[in-house]
Each structure stands twice: as structure tokens, then as C-alpha cells.
Amino acid sequence: MPDDGPSRPATVPDFDAVRAEFALPAEFPADVLAEAARAAAVATARTGGRRDATDVDLVTIDPPGSKDLDQAVGIRARRGGYRVHYAIADLAAVVVPGGPLDVEVRRRGQTMYLPDGSVPLHPPVLSEGAASLLPDGPRPAVLWTIDLDDAGETVDISVERALVRSRGRLDYGGVQADLDAGRPLPDAIALLPAVGRLRRELAVARGAVELELPEQEVVPDGAGGWTVRARQRVDLDGWNAEISLLTGTSAATLMLGAGVGVLRTLPAPDPDAVARLRALAAALGVGWPADVTPARFLAGLPLDTPRALALRRAATSLLRGAGYAVFDGPAAPPPVDPGHGGIGAPYAHVTAPLRRLVDRFGTEICLAVAAGEDPADWVREALRTLPSLMAASDTVAGKVDRACVDRTEAVLFADRIGQEVEVIVLRDEPGEVYLPQPPVLARCRGPLTAGDRVLARVAVADPATGTVEFAVG
């Protein structure tokens, strides 16, 4: 019998099997790497026609160790409010339309993240080098300047190609630690807490639905294996996200005003789904006044009590039907409802072009609109295929993420078949429970009531398929 080499220990989740299951590319073709290397060699020298904005105070905030830095932020006070600067990596400046690199990134759609390494949208020489907003010198970027009044409402939007310089590469944990310790933040983001809070309150007021369910992530366990933990939410995450959402809603405003663009859409919550959520709240004994919107109700719930978790899980039914809507002139007008129910306003992806295909095209449309020009033909031609490309890659990305979590959960419980653990019932039909530590989300058989804490036994834990199932009774 041939020797196939050492087998993977059963105690380690098989992420390579996930790559194989979803046919994720292992490497870039040679012609793509060659084009990326040529582009990287000249990227930072392409300064013609750009505003010199190296005097704008900007920093990046990302997870520790990140090198694919899409955004740099700077906020300052102005008369009557605030000025937000948001610099975005300029991928259209280095990706030749129709070239090998363009063809490859359209095929990939977005970066796929796995615990032991990502499958990047662009070759690292660009995404972690020449096109990334690293703090090692001037970088070409697309610079958004958004003026807000003292309540945080938008009063003016501009976007242009610029040369920028990041003053620092920060991470969420470090900035949050400074906040918690009362240490001053860098000047570029000293006003981020104030503006972030204002924008969050405006979002709730306009009906933005934020579920705030525990997010699972797979991390090293310190002993050569992997475990699952709940991603730690800090205030800074939310404030920083509000700046990205502000930019995305600003992009949608420009697109709708010009009659050409690509929006990320989500229908407003269905009244029947809202009624069912209200009925569940009543059944769980959680007060919900008739004049309080779902957005305001969810924003007021605690994050981790059993009843609140069951309600937040049920509220996922409010956010169904996400898609992409393209429009271009009278023959292809915007959708009747161009809004995004989770955001409470029309919204477009433009802030993560290193990691998501559609952002490059959305950004080019906004630059053209802001300059009073028509979008380039290659941009308009791409509008026909972007929704299907992004829908396909979104589906794969979601399945890849879920598969990695599922396989890790199964490894953690493979030797605990028959043991009992205390879980929180999120749904009674179909049965679904949540184990807080380690955070596991799984199906469960037996009589269940949403919002209860119950003892359940581990019935199935199969590392090969990632199947974990509990049973009650």
C-alpha cells in the first residue's frame, strides 16, 4: 500500500478540506503575478492628477497583524460640526481593465478568510504592499471628505484621487485599551468616539437593525490546535464601523443623484416578521411598547441574557433578501426601494476594494459623478455582471466561514459524546441552542422553549463533516 504521508491528527480541524470542498484557489496564475508585480513597482509613483493630501492627519485601525489596509480615517472639528476624511485604497489605479489581474479578481470576488490563512482577492504584493495604506510613505488613495453638522448629519460630500500618508497603523485592542485607561487618542481619531456615538444614534433613529448576536471566530488554542471564541466587541468597533457606513451611504447618495451605480440592498423588515418578533417578546415577558421601533427595541436589549439572545436570533428574520441592485440611466432605473433595511438608508460598497470586488467599481462611479463626468465604459459594462459575481462569492464566503467554525466545534466535542452541558435555547422549531463557553451554535432535538436554559447532551460531533448536535430528553 502506498505511503500517503502523515495523516492530520483527529484533534485538529481540517481547514484544507474546507479549501478543497469549495474549490478555493491555492495560488495566482503566473501572468496575474507578473502583472501585479509590474503594477506594484510603479504604484506609489503614480501621483499625476492627484491632490496632495499628505497634510491630512490619518491613521488605520485594523485587527492586529493586518497588512491589507483598505481605509485610513481622520476626523477634525469644523465650524458647526465635524469633517470626516476617509482614505480608501485605490485599486483602479493598478488593475488594468480586461487584463489578467482583472479577470482573476472577478473570478475570485472577494478575499476568503480561514483561520490558518486567507485566500486573497489580489496578490499580496498589492493587497499587503503597494496598494495597502501602510504607514511607510505617501500612498495613492481615493479620499472621501464628508462634512457633518453638530448632530452628525451629512451636509456635504466630496471624493477625489489623492496622495495620502497614514500617521499610524493602529489595532482595535490597542486603541480600546487607551480609551479604557483614559489615555488620549491620536489626534486623527480623538473625535471618533463623539462622531461614532452621534452616527449610531442617527442609525437607530432611522430604523437601522443591529442584531449584535455573538460572533464566533476560530483562534489558536495555544497548544498547537484551534478553539472557538466569541469575538470580543468593543465600543471602538462600532464607532469605526459607523464611519465606513457613513461613507457607503454617501456613495449611494452620489449614485442615486446621478442615476448610475451599484447598491447593496436589503428590504425593510417585513411587517409579519415584526409581528412574530413582538409575539415572541410578549411570550418571553420582555416589554416592547407599541410605539417603539424594532431598531430601538433591539438596541435596548442586553447582549447576553437568554431571553435577549433568543430575541436577537429571532430578529434575523427581519433581515432577509440581501442583494445588489445596479442601475444606469432611464432604461435601467434605480429600484423602487433602494434602501438597506439593516442600515436604514441606501448604501453602496466602496470602502474595502482590497478585499471585495464590487468596491472598485462603485468607487469609480463616485469619482466620475463627483467630477461631473460619465463613468468609464469598462465600469458601466461591468454593472451587468457584478450582482451575480458578488452573490456567488458572498455565498461561498459565508459557507467557508461556517464550515471552519463547524469543524472546529466538532473537534472540540468529539470526545464528549453523551456529556451534558447547559445551553441557551435560541429557537424551539427547528431546535437551535447556544453554548456560551466555548461558544457553540448547534441544532438540538427534543422539547424546547426559546429563551430557556436547559441541560442538553452532546449527541453528534463529527469533525469530518463539522456536524454538532445536542439532544434534550
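Apart from neighbours within four places in sequence, glutamate 212 touches Arg233, Leu303 and Arg312, where contact means heavy atoms within 4.5 Å. This is a predicted model, in which local features need pLDDT of at least 70 and side-chain atom pairs count only at pLDDT 80 or more, while totals for chains, interfaces and linings use all residues. Residues are numbered from 1 along each chain as its sequence is written, and side-chain values use heavy atoms, with hydrogens and water left out.

**Glutamate 212**

- Glutamate 212 is found in the loop between α6 (192-205) and β10 (216-220); helices (H or I, at least four residues) and strands (E, at least two) are DSSP runs, numbered from the N terminus.
- Its relative accessibility is 22%, so glutamate 212 counts as partly exposed; buried means under 20% relative accessible area, exposed over 50%, and partly exposed in between (1.4 Å probe, protein chains only).
- From glutamate 212 to alanine 322 there are 110 residues in sequence and 18 Å in space, C-alpha to C-alpha.

**Helix α3**

- Helix α3 spans residues 100-108, and its buried residues are Leu101, Asp102, Glu104, Val105 and Arg108.
- Looking down the axis of α3, these buried residues fall within an arc of 165°, so they line one face of the helix; the arc is that of the directions from the helix axis to the C-beta atoms.
- A handy reminder here: an α-helix has 3.6 residues a turn, so residues three or four places apart point the same way.
- Val103 and Arg107 are exposed, on the face of α3 turned away from its buried side.
- The packing partners of the buried α3 residues are α2 (30-43), β5 (112-114), β6 (117-119), α4 (124-130), α11 (357-370) and α13 (386-413).

**Aromatic pairs**

- Four aromatic pairs turn up in a search of the whole structure; rings of Phe, Tyr and Trp (its six-membered ring) pair if their centres lie within 6.5 Å, with planes under 30 degrees apart counted as stacked, over 60 as edge-to-face and the rest as tilted.
- Phenylalanine 15 and tryptophan 226 have ring centres 5.5 Å apart and planes at 80°, so this pair is edge-to-face.
- Phenylalanine 15 lies in helix α1 (residues 15-21) and tryptophan 226 in strand β11 (residues 226-230), so the pair ties together parts that are 211 residues apart in sequence.
- Phenylalanine 15 counts as buried at 1% relative accessibility, and tryptophan 226 also counts as buried, at 17%.
- Phenylalanine 361 and tryptophan 378 have ring centres 5.6 Å apart and planes at 65°, so they too are edge-to-face.
- This pair links distant parts of the chain, with phenylalanine 361 in helix α11 and tryptophan 378 in helix α12 (residues 377-382), 17 residues apart.
- Phenylalanine 361 is buried at 0% relative accessibility, whereas tryptophan 378 is partly exposed at 22%.

**Charges over rings**

- Arginine 108 lies over the face of phenylalanine 28, at 3.6 Å from the ring centre; a charge sits over a ring if NZ of Lys or CZ of Arg is within 6 Å of the ring centre and within 35 degrees of the ring normal.
- Over the ring of tryptophan 288 sits the charged end of arginine 278, 4.1 Å from the ring centre.

**Salt bridges**

- The whole structure holds 29 salt bridges, each a side-chain nitrogen of Lys or Arg within 4 Å of a carboxyl oxygen of Asp or Glu.
- Aspartate 116 and arginine 19 meet through their side chains in a salt bridge (2.9 Å, N to O).
- That pair links distant parts of the chain: aspartate 116 is in the loop between β5 and β6 and arginine 19 in helix α1, 97 residues apart.
- Aspartate 116 is partly exposed at 40% relative accessibility, while arginine 19 is buried at 18%.
- Glutamate 364 and arginine 161 form a salt bridge (2.5 Å, N to O), and they link helix α11 with strand β8 (residues 154-164) across 203 residues.
- Glutamate 364 is buried, with a relative accessible area of 13%, and arginine 161 is partly exposed at 24%.
- Salt bridges with shared partners join Arg50, Asp90, Arg161 and Glu364 into one network.
- Aspartate 359 and arginine 356 form a salt bridge, with their closest N and O atoms 2.7 Å apart, and both residues are buried.
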